[in-house]
Amino acid sequence: LASKFSATAAAAAATSWDVHAKVGPPLSQQSLQERKQKAADKKKRQRARQKEKKAMEKQKLVQEEEKEKELQKKKDQQEEAKRIRDGLQPKKSTTTGTTGKATLVCDFCQTPQKGKRKSQLFERLGYIYCSTECVQKHKRELMAKAAMERFK
């Protein structure tokens, strides 16, 4: 009885495994090619998406640089307008020819301060001066201009 039962159970188990395994037929050459083609198409779409993404990032970067340049230009124009209102000469170029390093220039007397750091110069009201004498002279000019404005 035990051997009869085990043979029947084994036969039932073998057929139920085949039915429940859900394994399809062996792959043919055509189905293998279709899979390869599908994978290749997927890779192409992925590369195209990456290329588009890279182009968008590059375009965004260019736009940001243009905005930055525009903001810097506005800032420079405002600074020049302030210099003119305060009775100062237009600021000289602060870069030297070949080295490209920035050279500090006194905002009042316009003398280049070669070899000096910004911390070694005098600063007042956002202006940089080479000496206390320049600070005082510019202060006097600003005070005189303000007094003239009050009398108008």
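Mentor: Start with E64, which sits in helix α2. Keep in mind that this model is predicted.

Trainee: Why is E64 called partly exposed?

Mentor: Its relative accessible area is 44%. Buried means under 20%, and exposed means over 50%. The value for E64 falls in between, so E64 counts as partly exposed.

Trainee: What makes E64, E65, E66, E68 and E70 a negative surface patch?

Mentor: Start with the charge. Glu counts as negative. Next comes accessibility: a patch residue needs over 30% relative accessible area. E64 has 44%, so E64 clears that cut-off. Like charges are then joined within 9 Å. E64, E65, E66, E68 and E70 form such a patch.

Trainee: Which residues form the positive surface patch?

Mentor: That patch is formed by R35, K38, K42, R45 and R49. K42 lies in helix α2, which spans residues 29-85.

Trainee: How do you know that K42 is exposed?

Mentor: Set the value against the cut-off. K42 has 55% relative accessibility. Exposed means over 50%. So K42 counts as exposed.

Trainee: Now the salt bridge. How many does a search of the whole structure find?

Mentor: The search finds 1. It joins the side chains of K137 and E133.

Trainee: Why is the contact of K137 and E133 called a salt bridge?

Mentor: The N to O distance is 3.1 Å. The definition asks for a Lys or Arg side-chain nitrogen within 4 Å of a carboxyl oxygen of Asp or Glu. The pair K137 and E133 meets that limit, so the name salt bridge applies.

Trainee: Where do K137 and E133 lie?

Mentor: Both are in helix α3, residues 132-151. They are 4 residues apart, about one turn of the helix.

Trainee: Is K137 buried, partly exposed or exposed, and how do you know?

Mentor: K137 has a relative accessible area of 36%. That lies between 20% and 50%, so K137 is partly exposed.

Trainee: What about H138, buried or exposed?

Mentor: H138 is also found in helix α3. Its relative accessible area is 0%. Buried means under 20%, so H138 is buried.

Trainee: What makes Y127 and Y129 an aromatic pair?

Mentor: The search of the whole structure finds 1 aromatic pair. Y127 and Y129 form it, at 6.4 Å centre to centre. Rings pair if their centres lie within 6.5 Å, so Y127 and Y129 qualify.

Trainee: Why is the pair of Y127 and Y129 called tilted?

Mentor: The angle between the planes is 50°. Under 30 degrees would be stacked, and over 60 would be edge-to-face.

Trainee: How do you know whether Y127 and Y129 are buried?

Mentor: Y127 has a relative accessible area of 4%. Y129 has 0%. Buried means under 20%, so Y127 and Y129 both count as buried.

Trainee: Why is V105 called buried?

Mentor: V105 is in strand β1, residues 104-105. Its relative accessible area is 7%. That is under 20%, so V105 is buried. The C-alpha atoms of V105 and Y129 are separated by 7.9 Å.

Notes
Residues numbered from 1 in each chain as written. Predicted model: local features only at pLDDT ≥ 70, side-chain atom pairs only at ≥ 80, totals over all residues. Heavy atoms only, no water. Helix = DSSP H or I, 4+ residues; strand = E, 2+ residues; numbered from the N terminus. Buried < 20%, exposed > 50% of the residue type's maximum accessible area, 1.4 Å probe, protein only. Patch = residues over 30% accessible without salt bridge, like charges linked within 9 Å, V, L, I, M, F, W, Y side chains within 5 Å. Areas by Shrake-Rupley, 256 points an atom, 1.4 Å probe, with all protein chains shown as cover. Charge placed at Lys NZ, Arg CZ, Asp CG, Glu CD. Phe/Tyr/Trp six-rings, centres within 6.5 Å; stacked < 30°, edge-to-face > 60°.
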